[in-house]
Amino acid sequence: MLLTSQNMNFIRTLPWAHTFHEWIRIDAPVLIYMVKVIIAALLALWISMKLNLPDPRTAIFTVFIVMQPQSGLVFSKSYYRVLGTIAGIGMSLVIIGMFSQDPIWFIAFFALWIGFTTAAGFKYRNFQFYGFVLAGYTLCIVALPVIETPLEVFDIAVSRFSEVVVGIMSATVISDIIFPRRLLDSLISSEQERFHNVLSTLADSRAVFAPFDESNPAVSRFSSGVVGLNAVRINSSFESGSDQKERQHYSHLNHEYMNLSTTYHSLKSIVAPIEKTELMDALEYLYAPIVTALETRPEGAVNPEDLSRMIGELGKAKQEVQNRFESEHSHYKENDLYISAAYLIIRLLNELHNHCATYLSLLKHRLSGAASKELSRYVRFSTHTDNVLVALAALRGSGVLLFTMMFWIWTAWPYATLTITMAVVIGLLLGTLPSPIDGVKDFFKGSVLALVFAAVYDFYVIPAYTSDLLTLGIVLAPTLGFVGWMTTRPKLPIFSFGFVFMFMSQCALDPYYKIEPTKFLESSLAALIGVIFGGMAYLLVNFWSCSLTQQRVSKILRQQIVSACDGALNIERSALESTGRDLVQQFSTQGRLNMRSSRLVFEWLLATLEIGRAILTIRRSLKRLQEDFHSIHFTMALESIKHFFESPSQIYRETLLERLDAALMVLRRGTFPEEKGQRRRYETLIIEFALIRTIVFNSTTFPLLKEESCR
Amino acid sequence: MPLDITLFGIQMPTLLPIFVIAAVVQILIDRLMADGGLYNYVWHPGLFRTAIFVCLFTIPCLFIYR
């Protein structure tokens with residue numbers, strides 16, 4: 001909060017109010033962030049100089065690494081940086097203690113460790129990834145310089161750790177004290193935006209029943225941000241004042257949104273092929289109460305009273321939809337398409353009602369601390385990482401290390417250790433970017449620019465103008481601010497990272513000024529060669545193409561269905577959904593999908609989620625249904641679903657459709673159970689089998705055969 | 001309290017374990033205060049947190065350097 005509301009009111013009366021407001025909103029945060037970075041970096045420099053730490057550059061570098069505009073990100077990144085540094089230092093002590101006499105074992109163990117950290121970094125999300133990166137390259141900066149004098153490893157280990165801690169303390173304290181910006185606030189505003197989005201999309205019945213239109217932004221928006229917001233929620237848990245209950249609400253909201261989005265898209269994909277006929281009119285008639293209820297939706301900022309009124313309307317709509325369904329049901333009893341679509345509409349409404357209730361509870365909790373809804377349990381966001389991608393990353397990490405080690409041994413160049421460090425950093429850090437090779441190019445450009453800056457500082461500014469810490473701070477401040485500004489630019493993250501990395505390794509910030517031109521030139525050259533080696537690794541070990549990605553994704557998705565057929569029954573729907581979404585998200589950043597194939601993969605995902613969920617529901621219902629109502633046709637239908645997705649072919653598809661028809665026939669012709677619970681399970685079986693049949697029958701795209709969308 | 005202590009055969013300044021213990025205690029207190037909703041009544045939670053940590057860390061230090 002920069003200004004109180006009273007001040008804001010005063011400012012609004014001024015003639016240049018609009019400009020000022022824009023400046024406050026867009027430019028001021030950047031300026032504040034720059035000031036924060038400068039203060040934190042100089043604080044770290046000052047403390048390390050006062051404590052006589054041998055390499056104050058590490059402390060400043062740490063500040064730049066962990067510094068982020070929002071405090072939650074700083075805490076979370078710092079936490080993992082400390083853990084990663086501890087692991088890396090521990091491993092350095094082990095490796096130097098055991099293998100410093102034996103180059104072969106030393107290199108082999110080193111390569112294993114780098115491979116392991118790269119793989120693990122790839123497997124984990126958010127800043128956990130960063131912890132593994134640190135664990136990998138800390139080994140380079142601790143173990144490699146002392147290879148000739150192994151006994152010094154303890155000194156280096158202790159001083160590296162102290163420098164990192166000093167940097168982290170400075171960054172976290174400054175970012176939490178000076179104009180803190182809470183991550184939770186941005187979470188709140190994006191959650192609110194998403195909520196409005198949901199309501200307005202669902203209120204538009206024409207969009208629901210129209211054929212799929214990629215240009216309609218509301219439709220394509222209604223699936224994004226699930227993985228991203230989950231990451232924000234995790235990082236915000238490190239902030240002060242975010243209590244557990246609030247975070248629990250957010251994680252529930254995220255899951256409900258995910259379910260809503262799946263139901264919505266499934267409904268759309270089912271109704272899309274329907275012609276404008278009587279059936280369509282019947283479905284629109286069924287959907288109409290939802291539109292009526294949503295007409296009362298609050299505009300702008302939501303307050304609890306309006307929202308609870310709307311929830312009341314939604315409750316009435318639920319009853320109305322149920323009545324309409326029962327009156328129409330006899331007419332369309334045998335129509336699978338109607339049954340599935342009606343089921344999805346009812347499910348959509350239930351989920352919407354639930355989502356609104358959770359949102360209301362969050363609002364009440366934030367306003368008065370009294371949540372209106374007891375959230376049952378903690379819902380887990382499961383992730384899935386493809387093992388092929390992980391193995392590829394590990395191979396690349398170890399490979400680049402072995403190659404640069406050979407370079408070191410062959411050339412016997414003392415500065416080649418810098419080459420190794422740089423190549424490892426590139427291999428570890430840029431691996432998860434969408435296009436690593438462009439990242440390496442940016443990194444290289446940043447490094448070259450940094451060398452120019454460092455040269456000016458080392459040979460002109462520092463010897464000419466600095467006499468003590470104060471003057472050093474004053475001459476450094478502009479460059480530190482410049483780096484801070486660069487890191488806020490969305491287009492320059494890797495460029496600025498390269499800049500920071502090189503500037504901090506070449507700038508003469510030692511406790512005593514010592515720099516020679518030859519050393520400067522040789523070490524810069526070694527580092528640049530390292531960047532090039534790292535980039536070459538991305539060029540060589542990268543056989544990932546669009547069609548390969550599609551094959552991989554379709555294989556994994558089909559496996560999900562197969563495991564739903566015969567795996568454990570206690571899989572939650574939320575686990576199924578979050579795993580699938582996380583998987584597709586990862587492949588669409590890693591796997592170079594074009595627009596068309598991304599769309600295709602998303603449709604596959606929907607079909608998989610819907611079929612997987614239906615299979616699990618069928619299996620659960622069958623388990624609780626009395627034996628008298630069982631039929632061999634149900635298990636046969638499930639079996640043929642499994643066969644079809646294990647090895648898809650046209651014959652299996654026809655068998656599957658036949659068996660589904662047979663199962664549905666048995667269900668519809670058979671006697672319905674009298675008892676209420678049994679009857680409900682019996683009806684569930686009809687609905688779910690009909691749904692699977694509709695999806696299999698109608699879907700033109702499936703995670704099955706190789707599609708030609710990559711061309 | 002002594003200026004240096006020996007832990008597992010390694011001599012280190014007493015400040016170091018005090019720092020670690022203070023950090024752990026601070027994290028626990030912070031969780032409690034966040035879940036209890038105390039931060040809703042504090043003007044500047046970040047400053048408040050830092051101040052509490054400074055108190056936790058410096059009080060034992062005073063006994064060392066008295």
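Helix axes are lines fitted to C-alpha atoms over the stretch in contact, and angles between their N-to-C directions run from 0 to 180 degrees. In this predicted model, helix H8 (residues 183-203) of chain A and helix H15 (residues 336-368) of chain A cross at roughly 150 degrees. Their axes come within 12 Å. Angles over 145 degrees count as roughly antiparallel, and H8(A) and H15(A) are therefore roughly antiparallel to each other. The crossing is left-handed. H8(A) contributes A:Ile188, A:Glu191, A:Gln192, A:Phe195, A:Val198, A:Leu199 and A:Leu202 to the contact. H15(A) supplies A:Leu348, A:Leu352, A:His355, A:Cys356, A:Tyr359 and A:Arg366. By class, the residues of this contact are 9 nonpolar, 2 polar and 2 charged.

A further helix pair was examined. Helix H5 (residues 103-123) of chain A packs on helix H6 (residues 128-143) of chain A at about 165 degrees, with the axes 8 Å apart. H5(A) and H6(A) are therefore roughly antiparallel. H5(A) passes H6(A) in a left-handed crossing. Residues of H5(A) in the contact include A:Phe110, A:Trp113 and A:Ile114; those of H6(A) include A:Phe129, A:Phe132 and A:Leu139. The contact has 9 nonpolar and 3 polar residues, and no charged ones.

The largest nonpolar core has 103 residues. Among those with the most contacts inside it are A:Phe106, A:Phe110, A:Tyr137 and A:Met405. H6(A) gives the most to this core, with 10 residues. Beyond its neighbours within four places in sequence, A:Tyr137 is in contact with A:Phe61, A:Arg81, A:Thr421, A:Val424, A:Val425, A:Leu428 and A:Phe501. A second, separate core of 91 residues includes A:Phe209, A:Ala293, A:Leu307 and A:Tyr343.

Conventions:
Residues numbered from 1 in each chain as written. Chains lettered and ligands numbered in written order. Predicted model: local features only at pLDDT ≥ 70, side-chain atom pairs only at ≥ 80, totals over all residues. Heavy atoms only, no water. Helix = DSSP H or I, 4+ residues; strand = E, 2+ residues; numbered from the N terminus. Parallel < 35°, antiparallel > 145°, perpendicular 65-115°, else oblique. Left-handed = near helix turned anticlockwise from the far one by under 90°. Contact = heavy atoms within 4.5 Å. Nonpolar A, V, L, I, M, F, W, Y, C, P; charged D, E, K, R; others polar. Core = buried A, V, L, I, M, F, W, Y, C linked by side-chain atoms within 4.5 Å. Buried < 20%, exposed > 50% of the residue type's maximum accessible area, 1.4 Å probe, protein only.
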